[in-house]
Amino acid sequence: MIYSAGIAISLFLLIILISKKQKNNADKIMTAWFFFAVLHLVYISWYAQGGYFERPQLIGWEMPLPLLHGPFLYLYIASLTNQRSRFPGILHFLPFLLAYLVLAPVLLSLPAQDWLNETKTQQFRPFFNGFLVVIIASGVIYVILSLMLLHRHKKNIADQFSSTDKITLNWLRYLIAGIGVIWGIVIFYRTPQTLYISVALFMFFIGYFGIKQVGIFADPPPAAPLSTAVPADALLTTKTTSEAGGVKMKYERTGVTEEGVIKIHEALICLMQEKQLYKEPELTLGDLAKELQIHPNILSQVINSQEQMSFYDYINTQRVAAFKQLLQQPESRQFTLLSLAFECGFNSKSSFNRNFKKITQYSPTDYLKLNNIQMANPDTKENPAAR
């Protein structure tokens, strides 16, 4: 009964995924993944209920299916976070296809009924053990690759957003962790029953959350037209080399000269001083690049090279500096620390405390004590996580 119920619920979730309107690439990958996962679950259930005694001709043909889960996980995360795979997606499934080419001659070498006889199948034991090692290696490798994607995505977020409080990666962490748990069961405690229960529960999880999940990283903004916001001679239209020895210039990949980078940096400093854009809580790299009318990639490179920090840290450093300036004004001390933080662009207490301590090495209250600043309404209760 439990097997039928699990498969029925999985099929229901698959139908919902298929019928989801306006599917993006990540949704399509999830739907394809879920289809093969349901097929795999049916096979596991079949083994757990002893169905192979009645239809031994089906024994073994499911073995390559686990080779699909790693590539689907990797490609789903890459699509959801808008990261390109280094290889065409189809290449990730070559091990799955090759596995069938290797497995088919072995499965067809004996009559179906002989696969129920351990004596007759003993000769293939090393082959199947090696096959299992390849499957486990594939799972472990793709979990590691997926974690690397997630780590890279966290860096991309810091290069694009000035506030990350509303951006959560928990769904992807749970997804990778769930796959990791299943591979742990495969390695250390592999039985049809345990596999069925763990896979079924995981499928309920990814089916439910996959249906409502949306992209957590917007597509990169289109290239903005160049204008007088940045001096025209700051940009090159072709790649160049330095006169000495023909060495490629540091900024060649974005077509910007080193002198151009300095001019863009100066324009950025003037813009931040005049318009104080850091006070916009949801300011993004694209917003700032639009003001300067240059491509976001160029601006990101300028900030990384000239300020030696990410866009996220750069904007929050500006906010902390503005906050410290407000503290020096006696008329500002009648307000709470949090209200001043909000005025400088922070959008939450936890974000303010965390970034203030990261940049100054002091908590806000310790900074007040160090500088002998007395607030009429200090509001000094801080987020413990910021300490």
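Me: In this predicted model, what distance separates the end C-alpha atoms of helix α3, and what span should its residues give?
Reply: Helix α3 covers residues 66-80, which makes 15 residues. The expected span is 1.5 Å times one less than the number of residues, so these residues should span 21 Å. That expectation agrees with the model, where the end C-alpha atoms are 22 Å apart.

Me: How many of the residues of α3 are buried?
Reply: A residue counts as buried when its relative accessible area is under 20%. Helix α3 is largely enclosed by the rest of the structure, because the buried residues among its 15 number 14.

Me: Which residue just after α3 takes a positive phi?
Reply: The backbone just after helix α3 has a phi of about 60°, a positive value. The residue that adopts this phi is N82.

Me: What is the area of the nonpolar surface patch that includes L97, and is L97 itself buried or partly exposed?
Reply: The patch is made by F87, I90, L91, L94, L97, L98, L101 and V102, and its area is about 780 Å². L97 lies in helix α4, which runs over residues 94-107. Since its relative accessible area of 45% falls between the limits of 20% and 50%, L97 is partly exposed.

Me: Which secondary structure elements does the protein chain contain, and what share of its residues is buried?
Reply: The protein chain holds 15 helices and 0 strands. Of its 387 residues, the share that counts as buried is 45%.

Me: Where does S332 lie, is S332 buried or exposed, and which residues does S332 touch?
Reply: S332 is placed in the loop between α12 (311-327) and α13 (337-343). Its relative accessible area is 6%, and because the limit for burial is under 20%, S332 counts as buried. Leaving aside residues up to four places away in sequence, the residues that S332 touches are L326, L340 and M375.

Me: Which residue forms a salt bridge with D114, and which member of the pair is buried?
Reply: The structure holds 3 salt bridges, and in one of them D114 pairs with K120, the closest N and O atoms being 3.3 Å apart. K120 is partly exposed, with a relative accessible area of 40%. At 16% relative accessibility, the buried member is D114.

Me: Which helices does the salt bridge between E291 and K275 link?
Reply: The closest N and O atoms of E291 and K275 are 2.9 Å apart. The pair links distant parts of the chain, 16 residues apart, with E291 in helix α10 (residues 285-292) and K275 in helix α9 (residues 258-275). E291 is partly exposed at a relative accessible area of 33%, and K275 is partly exposed at 48%. The helices asked for are thus α10 and α9.

Me: How many residues apart are K358 and D313, whose side chains meet in a salt bridge?
Reply: The side chains of K358 and D313 meet at 2.8 Å, N to O. This pair links distant parts of the chain, K358 being in helix α14 (residues 349-360) and D313 in helix α12, and the separation is 45 residues.

Note on methods. Residues are numbered from 1 along each chain as its sequence is written. This is a predicted model: local features need pLDDT of at least 70, side-chain atom pairs count only at pLDDT 80 or more; totals for chains, interfaces and linings use all residues. Side-chain values use heavy atoms; hydrogens and water are left out. Helices (H or I, at least four residues) and strands (E, at least two) are DSSP runs, numbered from the N terminus. Buried means under 20% relative accessible area, exposed over 50%, partly exposed in between (1.4 Å probe, protein chains only). Patches are made of residues with over 30% relative accessible area and no salt bridge: like charges are joined within 9 Å, nonpolar side chains (Val, Leu, Ile, Met, Phe, Trp, Tyr) within 5 Å. Accessible areas come from the Shrake-Rupley method with a 1.4 Å probe; for residues, only the protein chains shown count as cover. A salt bridge is a side-chain nitrogen of Lys or Arg within 4 Å of a carboxyl oxygen of Asp or Glu. Contact means heavy atoms within 4.5 Å.
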